[in-house]
Amino acid sequence: MTRQAAPKPFLYVVVCAAGIAVDVSKLITAAQERDWEVGVIATPVAMNGFFDTAAVEAQTGRPIRSAWRTPGEPRPFPAPDAVVVAPATFNTVNKWAAGIADTLALGTLCEVAGLGVPVAVLPCVAGALAAHPAYRDSVERLRGMGVRFGEPYTGEPGEDGGRPEFGWERALDLVGHG
């Protein structure tokens with residue numbers, strides 16, 4: 001009797017338009033090494049040159065989702081076992097907290113609140129924007145919904161002139177698998 005392997009857990013990676021998105025393949029690699037299947041959902045702006053979409057599709061073996069499917073189209077991804085938003089921008093965090101679902105990425109994030117799956121966010125927000133009261137309120141509201149936040153990343157150079165490393169793998173630690 002042949003025993004079938006259990007399906008791997010499925011991770012949605014939501015990519016927003018921040019410069020650090022160029023390295024999203026690091027998150028995908030780390031997730032795959034921890035035995036996740038990965039599907040990427042990107043904001044429409046992120047699809048316009050913020051990361052190598054062809055390379056990411058080759059890496060995941062799946063198309064990147066950015067637009068709504070039509071009612072007759074099958075769901076291209078299974079339901080998520082966890083969701084990571086990385087990098088998460090000021091705009092996405094605020095719209096998500098407000099329940100605005102004007103893109104597939106935001107609609108997915110709004111819907112995920114009712115699924116009970118772990119959600120991790122790695123914010124990439126400049127210090128001046130992070131100080132905005134609406135952003136602080138949004139983070140507090142999302143935390144109240146059970147969303148787990150990693151350390152904020154501003155991308156600003158350190159004293160040595162180099163940029164700090166973006167903690168891609170921290171997102172996987174936050175969702176608690178692997």
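How many bridges join strand 3 to strand 4, and do the two strands run parallel or antiparallel? In this predicted model, strand 3 and strand 4 (residues 119–123) are joined by four bridges and run parallel. Strand 3 also pairs with strand 1, and a search of the whole structure for aromatic pairs returns six.

**Strand 3 and its partners**

- Strand 3 spans residues 82–88, and seven of its seven residues are buried, so the strand is largely enclosed by the rest of the structure.
- Strand 1 (residues 10–15) runs parallel to strand 3 and is joined to it by four bridges.
- Between strand 1 and strand 3, V14 stands opposite V85.
- On the strand 4 side, V83 has V119 as its bridge partner.
- In a regular strand, side chains alternate between the two faces of the sheet.

**Aromatic pairs**

- The whole-structure search gives six aromatic pairs.
- F166 and W168 have ring centres 4.5 Å apart and ring planes at 70°; planes over 60 degrees apart count as edge-to-face, so this pair is edge-to-face.
- F166 is buried, and W168 is buried too.

**Aromatic cluster and a charge over a ring**

- One aromatic cluster is formed by F10, Y12 and F77.
- R65 lies over the face of F77, at 5.8 Å from the ring centre.
- F77 therefore takes part in the cluster with F10 and Y12 and has R65 over its ring face, given the 6 Å limit for such a contact.

How values were computed:
Residues numbered from 1 in each chain as written. Predicted model: local features only at pLDDT ≥ 70, side-chain atom pairs only at ≥ 80, totals over all residues. Heavy atoms only, no water. Phe/Tyr/Trp six-rings, centres within 6.5 Å; stacked < 30°, edge-to-face > 60°. Buried < 20%, exposed > 50% of the residue type's maximum accessible area, 1.4 Å probe, protein only. Lys NZ or Arg CZ within 6 Å of the ring centre and 35° of its normal. Pairing = 2+ DSSP bridges.
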